[in-house]
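Subject: Structure for you to look at

Hello,

Here is the structure I promised to pass on. Please open it first, then read my notes below.

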Amino acid sequence: MFEVRVQQHDFSLEAEVNQLRQQAPGAGAVVAFVGLVRELGEARQIEQLVLEHYPQMTENSLRQIVEEARQRWPLLAARVVHRVGALTPAEQIVLVTTATVHRHDAFAAAEFIMDFLKTSAPFWKKEQGVSGAHWIDARDSDQRARERWQR
Amino acid sequence: MKICYFARVREALGLDHELLQPPPQVDRVDRLMAHLIAARGPLWAEVLDPERILVAVNQQIAAFDTPIGADDEVAFFPPMTGG
C-alpha cells in the first residue's frame, strides 16, 4: 500500500499506477508525478546526470516523508520510486503517485511528498556536460516550497 | 565510529568513508568536526563548514550539537538535490 524504492533501472508509469490502483480499492483519484532529467542545466547542454545517494538512509527518509503525508491526508495508497546512477536527458528520475477517495487530497499529498523529497531525502545530482561536470546547488525555491507546508 | 562523506564533500576530501576512534572528549558532532579540522588542516576546515553542510547521525538528519559515541555512524554532505 505504501511503498518506496530506490533503483538504477527505469520504471513504467503504467505498471506502477496499475499496481497502486490494485492496492487502493475504493479510490476515486490517482495522481502521478514524474520528474525528468532536463536537457538544459545552468545554460548548458547536459549530457548526463549522475544521482548519488546515501543508501542506508534514503529509503527510511522516503518512508518518513510518506508517513508524514499519511498523517495529513487520508491516503489509500502511495508509492515513491527514485532512480540513482547515470541518467541522460529526458529520462525519468522520480515517480510519486498517490491514491485517495477525492482528488484534492491526492494532488496535495503528491505535491507535499515531492516538496519534502527535494530537500530532505539524501540524493545529490551532478551534471555532466560538454564544458565539464559540476554538482547542482540546492535551490532556495525548493526550500521555500517545503516551508510553505509547515503548520 | 564510522564517518561517511557524500557528493561534493566526498569529492573534495577524496574519501567516501573511514573508521575512526576519536578521543573521548569528541562526544558531539561539532567536536568531531573541530577534531578533524585540527588534525587535517585548511581543506577540511573549508569543506566541513557548518554553513554549507548537513550532518546525519545514524542515518537521521542531526544538529551540530548532537551527542555521538564510538558505535555511531556520522555522515557529512551538502544540502540535498534529489527529485
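Is B:Arg31 buried, partly exposed or exposed? B:Arg31 is partly exposed, with a relative accessible area of 37%. Its salt-bridge partner is B:Asp27, and the closest N and O atoms are 2.8 Å apart. B:Asp27 counts as partly exposed too, because its relative accessibility is 32%.

Keep in mind that this is a predicted model.

**Salt bridges**

Over all chains, the structure holds 17 salt bridges. One of them joins A:Glu67 and A:Arg70, at 3.7 Å from N to O. These two sit three residues apart in helix H2 of chain A, so about one helical turn separates them. A:Glu67 is partly exposed at 36%, and A:Arg70 is partly exposed at 39%. Elsewhere, A:Glu3, A:Arg5, A:Glu16 and A:Arg79 are linked in a network.

**Where the chains meet**

Chain A brings 25 residues to the contact, and chain B brings 19. About 1900 Å² is buried between them, with carbon and sulfur atoms giving 54%. On the chain A side, A:Tyr54, A:Trp124 and A:Trp135 lose the most area to chain B. Together they make up 35% of what that side buries.

Three salt bridges run between chain A and chain B. One of these pairs A:Lys126 with B:Glu11, with N and O 2.4 Å apart at the closest. H3 of chain A gives the largest share of the side of chain A that touches chain B, namely five residues. By class, that side has 14 nonpolar, six polar and five charged residues.

B:Arg10 counts as partly exposed, at 23% relative accessibility. A:Glu52 counts as buried, at 13%.

**The nonpolar cores**

The largest nonpolar core has 32 residues. Within it, A:Leu62, A:Val80, A:Ile113 and A:Leu117 touch the most other members. H3 of chain A gives the most to this core, with nine residues. Apart from it lies another core, of 21 residues, including B:Trp44 and B:Phe76.

Now find A:Leu117. Among the residues A:Leu117 touches are A:Leu62 and A:Val80, along with B:Gly82 and B:Gly83.

Best wishes

How values were computed:
Residues are numbered from 1 along each chain as its sequence is written. Chains are lettered from A and ligands numbered from 1 in the order in which they are written. This is a predicted model: local features need pLDDT of at least 70, side-chain atom pairs count only at pLDDT 80 or more; totals for chains, interfaces and linings use all residues. Side-chain values use heavy atoms; hydrogens and water are left out. A nonpolar core is a set of buried Ala, Val, Leu, Ile, Met, Phe, Trp, Tyr and Cys residues joined through side-chain atoms within 4.5 Å. Buried means under 20% relative accessible area, exposed over 50%, partly exposed in between (1.4 Å probe, protein chains only). Helices (H or I, at least four residues) and strands (E, at least two) are DSSP runs, numbered from the N terminus. Contact means heavy atoms within 4.5 Å. Buried area is the accessible area (1.4 Å probe) that two parts lose on being put together, summed over both. A salt bridge is a side-chain nitrogen of Lys or Arg within 4 Å of a carboxyl oxygen of Asp or Glu. Ala, Val, Leu, Ile, Met, Phe, Trp, Tyr, Cys and Pro count as nonpolar, Asp, Glu, Lys and Arg as charged, and the others, Gly among them, as polar. Lists of a residue's contacts leave out its neighbours within four places in sequence.
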